[in-house]
Amino acid sequence: SMGSMLFRGWSWQALRNPCLISLFVRCVTNGAPYLACILSASGNGYLREAAVRRMVVTGPFSLAMLVRRLNDWVPNVRRAAERRLAEVSRKLDPAIVADCMEYLCRFEELERASNEARTIVSELRRDIGVIACVREKIIKNSDDRAVRLLNLALRTSELDPYLVAIAKRHRHPKVRAIAAKAVLEGEFRWRSGDMHERPVAIDIDRRSFAFELLSDRSIDVKYCSIIDIMENSKEQDRTESIMLSQLLYPSAKLTDLARWWLGKRGVDWLAWLRQQLEDRPLDVVVARALGRLGERSDGERLWSSAGLAPERTRFVFVLAAARLKHDAALAETRAAVFGPDFEVSRSAAATLLKVGDVLSAENLAVAAGDGPSFKSRGLFAHLRRQTIVGQLGLLARLEAIGHAPDEQDIFRISQRINRGRGQSRPAPRDI
């Protein structure tokens with residue numbers, strides 16, 4: 001154990017003597033202050049208490065280790081940690097506290113910490129310099145840590161004046177969505193054991209802000225703005241126009257929301273889409289939308305537009321008609337899977353899967369003879385829909401011509417076989 005290694009040459013009785021333990025910790029940490037951080041994780045309460053008194057905060061890790069002792073199961077260790085944190089917090093670099101913010105914001109969930117300890121940690125989080133550092137990290141960083149920091153920082157009101165700018169200009173779409181939702185709803189909710197909420201008081205015209213956010217490229221930001229417009233806008237004609245335009249957006253999250261709202265208002269949105277195709281028969285955006293949302297009878301309209309479209313966009317209309325199970329379009333899509341253009345092949349293969357038209361094992365076996373082009377055509381997705389025996393045969397054929405299967409495919413098939421799905425049941429006459 002840690003105690004036995006550090007107390008080599010000392011009597012084991014020393015482990016029970018607080019004075020000797022304190023002397024030992026002072027001796028070993030004089031030349032190596034970082035050892036106090038290590039010793040604070042010992043299983044011996046006397047050793048933890050002595051180590052906490054000698055801890056030096058040099059970065060976010062050592063600060064987190066000290067804060068962790070505020071929830072220690074030994075009361076004396078908790079009190080020692082409170083005194084030590086109160087001493088070092090007066091001269092802590094705000095950047096160190098900001099780097100430890102994720103842990104500090106979850107400190108409220110700890111049960112054994114005293115009210116004094118909670119006050120110290122709260123003052124650390126609310127320090128002006130720390131808030132400034134957190135704000136800079138959120139604004140400058142475009143990684144997922146900015147999302148975590150914003151969710152934690154919004155539990156207090158220090159960032160409220162900057163939320164509008166964050167919602168408009170931050171590079172991370174999730175950060176923009178969180179800020180936009182807080183501004184539009186006028187409150188922020190989070191779960192820490194129970195559900196908590198606080199008001200977000202910002203002097204802004206929320207309706208104008210919601211319409212402004214419609215131009216954002218993020219689906220989540222658009223969703224927040226559309227929800228607000230649906231619930232609060234009094235301009236019904238403008239709202240209806242916005243909802244109809246969302247039908248053309250290639251996102252199920254937005255189109256489903258728009259269809260629900262339009263259906264609730266009694267608007268025949270499918271007739272509107274058909275009229276759009278009639279007015280603009282060569283518009284690929286309308287064709288894709290009708291292919292996603294239309295009925296089987298609309299396949300003929302799209303097939304007719306395919307006959308009028310130029311060669312570079314014609315296949316878009318063919319795929320849209322195929323999604324509605326138009327017979328001629330499906331036949332051409334199946335043929336395109338094995339064509340010379342791999343990009344077209346991948347689109348065709350994906351479309352067939354969406355309508356449940358899985359290529360047969362015989363067709364896949366022919367394609368497997370081409371080796372590397374099998375993957376380039378997007379045929380592995382069809383291979384995974386075959387029986388276990390069929391998959392093994394195709395993978396063996398591919399490997400025989402020098403195209404080894406991916407490890408994920410091997411692992412997935414192995415799992416299914418181990419669950420018994422790959423076992424063949426004998427015919428009744430063979431039993």
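## Ser 376

Ser 376 is part of helix H25, which covers residues 373–376. In this report helices (H or I, at least four residues) and strands (E, at least two) are DSSP runs, numbered from the N terminus. With a relative accessibility of 25%, Ser 376 counts as partly exposed. Buried means under 20% relative accessible area, exposed means over 50%, and partly exposed lies in between (1.4 Å probe, protein chains only).

Leaving aside residues up to four places away in sequence, Ser 376 touches Phe 342 and Arg 346; a contact means heavy atoms within 4.5 Å. Ser 376 and Ile 128 are 248 residues apart in sequence, and their C-alpha atoms are 55 Å apart in space.

## Basis of the model

This is a predicted model in which local features need pLDDT of at least 70 and side-chain atom pairs count only at pLDDT 80 or more, while totals for chains, interfaces and linings use all residues. Residues are numbered from 1 along each chain as its sequence is written, and side-chain values use heavy atoms, with hydrogens and water left out.

## The chain as a whole

The chain has 28 helices and two strands. Its radius of gyration is 32 Å, well over the 22 Å that the globule rule gives for 431 residues, so the chain is more spread out than a compact globule. The radius is taken over C-alpha atoms, and the rule is 2.2 Å times the number of residues to the power 0.38. Along the principal axes, the C-alpha atoms fill a box of roughly 90 × 70 × 40 Å.

Of the 431 residues, 46% are buried. Among contacts with a separation of 6 or more, 57% are between residues 24 or more positions apart. The accessible surface is about 23,200 Å², and carbon and sulfur atoms hold 51% of that area; areas come from the Shrake-Rupley method with a 1.4 Å probe, and for residues only the protein chains shown count as cover.

## The hairpin

Strands S1 (residues 187–192) and S2 (residues 194–199) pair in the antiparallel sense over six bridges. Two strands pair if DSSP finds at least two bridges between them. One residue separates S1 and S2 in the hairpin, and Gly 193 in the turn has a positive phi of about 80 degrees.

In a regular strand the side chains alternate between the two faces of the sheet. On S1 the covered face holds Phe 188, Trp 190 and Ser 192, while Glu 187, Arg 189 and Arg 191 lie on the uncovered one.

Val 52 belongs to helix H4 and is buried, at 0% relative accessible area. Not counting residues up to four places away in sequence, Val 52 touches Ser 40, Leu 66, Arg 69, Val 77, Ala 80, Ala 81 and Arg 84. From Val 52 to Ile 38 is 14 residues in sequence and 9.9 Å in space, C-alpha to C-alpha.

Helix H5 (residues 60–68) has Ser 62, Leu 63, Ala 64, Met 65, Leu 66 and Val 67 as its buried residues. These pack against several helices, including H4 (45–53), H6 (75–88) and H9 (115–126).

## Lys 325

Lys 325 sits in the loop between helix H21 (311–323) and helix H22 (327–337). Its relative accessible area is 38%, which makes Lys 325 partly exposed. Phi of Lys 325 is near 60 degrees, a positive value in a residue other than glycine. Most residues other than glycine have a negative phi.
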